[in-house]
Amino acid sequence: DLELQVYLPDEKVPDLQDADLAAEEPKSSGTPPQPSGRGRDNGKSDKPGDEPVREESEPEAEIPVSKSVDFDLLEDLTPYELKTVCKAVAGLRQPASFVEIFGSIRELDERGELELSREEIQEVISAMLDSEYLDVVRQRPYDGSKADMTFYALNADKQEVKSALNGG
């Protein structure tokens with residue numbers, strides 16, 4: 001409900017000192033207001049000279065679900081990209097959590113080895129599950145845990161995975 005006004009150099013700018021915006025009633029759109037990103041929780045410090053604090057968002061720890069858009073590892077990734085992704089996953093302790101796999105692929109993006117958005121990374125992991133590059137493993141994350149957790153293991157015995165890891 002905010003309005004941005006731009007004036008050309010030869011236009012007269014209206015005097016806004018007479019307008020009392022605080023006295024006006026807010027416009028109701030029927031939906032609750034969304035956070036604006038301004039205020040104390042925006043990662044900025046109140047102290048001058050302090051650097052803003054950036055929080056990295058963690059991927060959602062959920063089992064990836066196949067989307068209606070079919071993502072094909074062999075068609076949608078170059079051989080280099082597939083090899084790089086498979087090597088990153090192979091470098092993790094096996095089996096690995098979704099967050100660990102997501103993080104290892106995101107690191108490739110941050111280092112400039114791949115250019116994948118968050119959604120594309122999720123599509124790659126989902127396609128790896130669909131193509132059986134990754135096997136689902138249910139196990140306890142540590143000895144004293146009371147419940148199983150879903151992990152994913154690279155299927156290194158699969159011919160396509162072997163071929164991707166060897167760059168062919």
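A: Let's begin with F98, which is buried, with a relative accessible area of 5%; buried means under 20% relative accessible area, exposed over 50% and partly exposed in between, using a 1.4 Å probe and protein chains only. This is a predicted model, where local features need pLDDT of at least 70, side-chain atom pairs count only at pLDDT 80 or more, and totals for chains, interfaces and linings use all residues. Residues are numbered from 1 along each chain as its sequence is written, and side-chain values use heavy atoms, leaving out hydrogens and water.

Helices (H or I, at least four residues) and strands (E, at least two) are DSSP runs, numbered from the N terminus. F102 is buried as well, at 0% relative accessibility.

Now for the rings. A pair of aromatic rings is described by the distance of the centres and the angle of the planes. Rings of Phe, Tyr and Trp (its six-membered ring) pair if their centres lie within 6.5 Å; planes under 30 degrees apart count as stacked, over 60 as edge-to-face and the rest as tilted. By this rule there is 1 aromatic pair. F98 and F102 form that pair, which is tilted, with 6.0 Å from centre to centre and 45° between the planes.

Stepping back, the chain has 5 helices and 2 strands, in the order α-α-α-α-β-β-α along the sequence. Of its 168 residues, 26% count as buried.
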